[in-house]
Every structure is written in structure tokens, then in C-alpha cells.
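Here are a few notes to read with the model open beside you. Take them one at a time and find each spot as you go.

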Amino acid sequence: MAQNEKPTALIMIFGATGDLAKRKLFPSLFRLYEKNKLGDFAVIGVARRSLSNEEFHASVSQSIHNETSDQEKIKEFSSKFYYHSHDVTDSDSYASLNKIAEELDNHYQLNGNRIFYLAMAPEFFGTIAEHLKIDGLTDTNGFKRLVIEKPFGHDLESAKKLNKQIRTAFSEDEIYRIDHYLGKEMVQNIEVIRFANALFEPLWNNRFISNIQVTSSETLGVEERGRYYEKSGALRDMVQNHMLQMVSLLAMEPPISLTTDEIRSEKVRVFRALRPIKGSEVKDYFVRGQYDKGLMNEKEVPAYREEDMVNPESNTETFVAGKLMIDNFRWAGVPFYIRTGKRMEAKTTKIVVEFKDIPMDLYNRQEGSVNPNLLVIHIQPEEGITLYLNAKKTGQYMNSTPVKLSYANKGIDGLNTPEAYEKLLYDCLRGDATNFTHWDEVALSWSFVDNISEVWENEKEQNFPNYESGSMGPKAADDLLEKEGHFWWPVTNLDVEKC
Ligand code: NAP
């Protein structure tokens, strides 16, 4: 689709009364609407509870009230929303959903284009996809696309089963598996920083890079998601998708063009080169943690095991650190360290690329060694890049001191960068699947993660809880790097806004 062409579609949101719809989907659609990026469209909201169209409009309006003070605009936008009370497990009700879809298609002239957004618990994904096919909703003259939220399965087996079910109704290129990290401005920027700069690409390999560190930390605990999290844990919730996706973007070869297929196939090659970690090796490469009580903002917070819907003897990890090795020509010998966890010191997602030391340090013979060059990519909450270099320390002697060059995204554009969901919805409406995960990526990342979870499920961790709330995780995560002569760069000090 041409860049200035406006997409037209009927969007069906399954789970339209849920948290995701209200917090992310309605506001993102509204922003696209306000920016005049949408052609004709209508939305059918689907959930079980009984609501009139007017009540649904009120709920949509409420969820976008922070976006604008223009009440007319809100009204105009909400009037395109229709509600259908429907239990997705009830086969009888899909026929009436199809009838409404056809009416709206005619009324708004939507060319039979349909997007089915599954903003619901994953156990329903397969059933819904099958019904969409059986009951004729996918039988349309326009395009049909399925947007599916994470988690995509619980392990490789369940992911395969789910994929098989949805493939009965949609082809691979009609399936948009959301990983909202891929919609983030600075995650998309990884590719541009690498492939548009003569400065970095020649150095982007094992000759010049010592190690790469990816940290995604949260300050929140499990909140009300205890039931889900008990079965998931940080490995499945964060590593299988977001963390491995960021690593694949950092490690991929330059694609021959920016088409969806070319970029995805380069990412898949990274997953294929990822060294499998199995059985007794797991403890040498991966560390798990679970938060204990502690102080956050001077307030006492409970341990994971004391949270609602959590087993008081839970073996679930709320923190993971790992060393990934990519066994190909470019990356042989360079560790990619990842860590992610809940109830950590700061909410931040950052990538630190540490370059190798220069062969000889001329300037700091008395005062210790020169600092390595670092490229820091700030993903969230700040967005930007900092490059740490060395320059002459002011004064009589020829000593070096670290200096930083910094670029903060917001400062340059003067605009708030679009939310990940806004970008991804727009991509999907335009038929661009580049920033969604292909089945091959999902399958390969599950097979990597399954080896680790198998060991962790069979060997209860005796030391849980092993990190205090408000810390940067267990000591074993520091030891993991120390034994390689590395250490975690303190991400809380590498703040782009402070530069
Ligand atoms: P949620 O708040 O629990 O909403 C679930 C929705 O599904 C509600 O609208 C509920 O409405 C509807 N529903 C439940 N059972 C149904 C049935 N049998 N038939 C029809 N509708 C049914 O969940 P959520 O937080 O929005 O999450 C939705 C999905 O997004 C999940 O896959 C989650 O993992 C993923 N996700 C969410 C977020 C987030 O920020 N919330 C972030 C990333 C991913 P009724 O009760 O009225 O039926």
C-alpha cells in the first residue's frame, strides 16, 4: 500500500471490554483517526457482557478522554463503534456477528476488508479462528487479517497446536502476531542505527565488540496477574518473545532490502544460530530469581510468594539473566547478556554495546585503564542513544576521561513518538507484517526456551526468594558476567535525559 493511501477496514475486537482494548487499542485507533491516517472504518466490539451500543460508546469515549478536549471528535469517532454481546465459545452466535459485519461492510463501503483482533485470553485464540472460518466471517472479498496477542502458546508443543488451529482459517501472511516491543520507536531504530551508519556497521562484529547487554526491568510486581504469572514466569513472559526479538535485531545480518520477507529471514537466521543450552549446561548460562519483600519508594512491598493467587512455595521465576551465544561467523565468542525482572530498582529497557579495549592504553598508565567505548540504546522510558568515548582530561597531563555524545528522541522531533500499538495497528491495516513475529521465529524461540524451562521445572530452586525488591536482581546474575571478566553496566546511571 502506498505511504499516503488510507486503509479501509472493518475491525472486530474480541475482548472489547477488557484492559488492553481500553488502555491501548481504542486510544491508538483514535490517534490514527485524529491524524487523518484512516480511510473508512468501523469497529465491532465483542465480549460476553451485555452492553448497548450507547454504553459501548461511553466506554470508548472514556478510554480516549485524555487524547483530546474536542468532544465532537470523540463523538464522531465513537459513533463508528458497534457492540456485539457474544460468548466466543458459543457456536450459535457467530452467524449474527457475520450478519452485523456484512451490514457494516455495506454501510461504510469497507470493500470486505476485515481485521480480527483477538484481545482475549490465549485459550480462546484457536476456537475463535476456527469459528471465523466455519461460520463464514473469513469468507470475504477483501483482505482478512488475524491479530493475535501474546502469549503465543506456553511451549513449542502448545504453540504448534495453536498455529495449526489458526492456519485452518488464515495463511501465514494473514497472521499478525503482536510483540509490542517491535512497535517501539527505539527498537525499530536498532536497525537504522546499525545499517545507516558507516561508523557502526564495520565494527559490528566479534573483532570489535566485547559483549552486548540487554536489560528490561520493571518496578512493578505481578499485581493482579498472579494466576497467569504462576504458569508463565519471566522466561516465558519476557525472554521467549521481547528479549530474543531485541537480540535478533542486534545480531541479524543486513537484509538485502527492507521487505518483510527479507528482514524476517535474517532474523530467523539469528535464531537458528543461537546456541541451544540444555540440561546440566543451563546453570552455566542462565540464572533465575524471585523477588523477596523490600522497600520501593520507601514503601514496604511484599515478596512474590505473598502476592495474590501465588503459591506460598512458588518455584516461578520473576527474574532471568542469561548468556546467549550466537554461533556464526560474525558473533562467535561474543556473549549477548540479557536480564529481565519484576520489582527491580528501575523501570527501564536499555541496550549497552560494549566495544573491545584498544590494543594499548597510552594515556592512563598511572591512573588505571581507559574506559571502553559504549553505545547505549535507550528503549524506554527515555528514547535515545548515548555514545561513550574518551577525550583528553583537561589539565597539564595527557590523560583521558570518558565523555558522552547524546541524542534524545523527543528533543529532536518535538513530538511524542507514537505508541507501539498505534504503529502496529497502522502496519496491520496497511498490510505490513515486518514488525510482527513470523511462525518460524516463534517456533525457534520456543525450542530455545523450552530446554531451559524443562530444567527449571524439574529442579526446584532452593534459594527462592533470592533478590530483594528494589534491587537489580540476585547476586548470581552478577557472577554470571564476572566469571567472563565482564560486569553489568549500571543502567540506572546511563540515563539519556541526564546527559
Ligand atoms: P482482560 O482485561 O481480562 O479482558 C478479557 C476480555 O475478554 C474482556 O473483554 C472479556 O469480556 C472478554 N471475554 C472473556 N471471556 C470471553 C468469552 N468467553 N467470550 C467473549 N468474550 C470474552 O484481558 P486483557 O488484559 O485485555 O488481555 C487480553 C489479551 O491481551 C491477553 O492475551 C493478554 O495476554 C494480552 N495482553 C494484554 C496486555 C495489557 O496491557 N492488558 C498487554 C499485552 C498483552 P467479558 O467478561 O464481558 O466477556
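Which helix gives the most to the lining of the second largest pocket? Keep that in mind for the first point, and remember that this is a predicted model.

1. **The pocket and its helices.** The answer is helix 7, which puts six residues into the lining of the second largest pocket. Helix 7 spans 185-195, and along with helix 9 (260-273) and helix 12 (420-430) it is one of the helices that each supply at least two lining residues.

2. By type, the lining splits into 10 charged, nine nonpolar and five polar residues.

3. **A histidine in a loop.** Go to the loop between helix 12 and helix 13 (439-458), and you'll find His-438 there. Is His-438 buried or exposed? Its relative accessible area is 19%, and the cut-off for buried is under 20%, so His-438 counts as buried. A polar atom of its side chain sits 2.9 Å from the backbone nitrogen of Asp-440. Setting aside neighbours within four places in sequence, His-438 touches Glu-172, Arg-177 and Arg-264.

4. **An enclosed strand.** Now look at strand 12 (residues 335-341). Seven of its seven residues are buried, so strand 12 is largely enclosed by the rest of the structure. Side chains in a regular strand alternate between the two faces of the sheet. Here, Pro-335, Tyr-337, Arg-339 and Gly-341 point one way, while Phe-336, Ile-338 and Thr-340 point the other, and all are buried.

5. **The partners of strand 12.** How do strand 7 and strand 12 run, parallel or antiparallel? Strand 7 (residues 209-217) runs parallel to strand 12, and six bridges join the two. In this pairing, Ile-212 is opposite Phe-336. Strand 11 (residues 319-325) is antiparallel to strand 12, with seven bridges between them. Met-325 is the residue opposite Pro-335.

6. **A glutamate in another loop.** Glu-307 belongs to the loop between strand 10 (299-301) and strand 11. Its relative accessibility is 13%, which means Glu-307 counts as buried. The side chain of Glu-307 makes a polar contact with the side chain of Tyr-291, at 2.6 Å. Apart from neighbours within four places in sequence, the residues in contact with Glu-307 are Gly-221, Val-222, Tyr-291, Pro-302 and Arg-343.

Methods: Residues are numbered from 1 along each chain as its sequence is written. This is a predicted model: local features need pLDDT of at least 70, side-chain atom pairs count only at pLDDT 80 or more; totals for chains, interfaces and linings use all residues. Side-chain values use heavy atoms; hydrogens and water are left out. Helices (H or I, at least four residues) and strands (E, at least two) are DSSP runs, numbered from the N terminus. Ala, Val, Leu, Ile, Met, Phe, Trp, Tyr, Cys and Pro count as nonpolar, Asp, Glu, Lys and Arg as charged, and the others, Gly among them, as polar. Buried means under 20% relative accessible area, exposed over 50%, partly exposed in between (1.4 Å probe, protein chains only). A polar contact is a pair of N or O atoms within 3.5 Å; within protein, one must be able to donate a hydrogen and the other to accept it, and residues adjacent in sequence count only if both atoms are side-chain atoms. Contact means heavy atoms within 4.5 Å. Two strands pair if DSSP finds at least two bridges between them.
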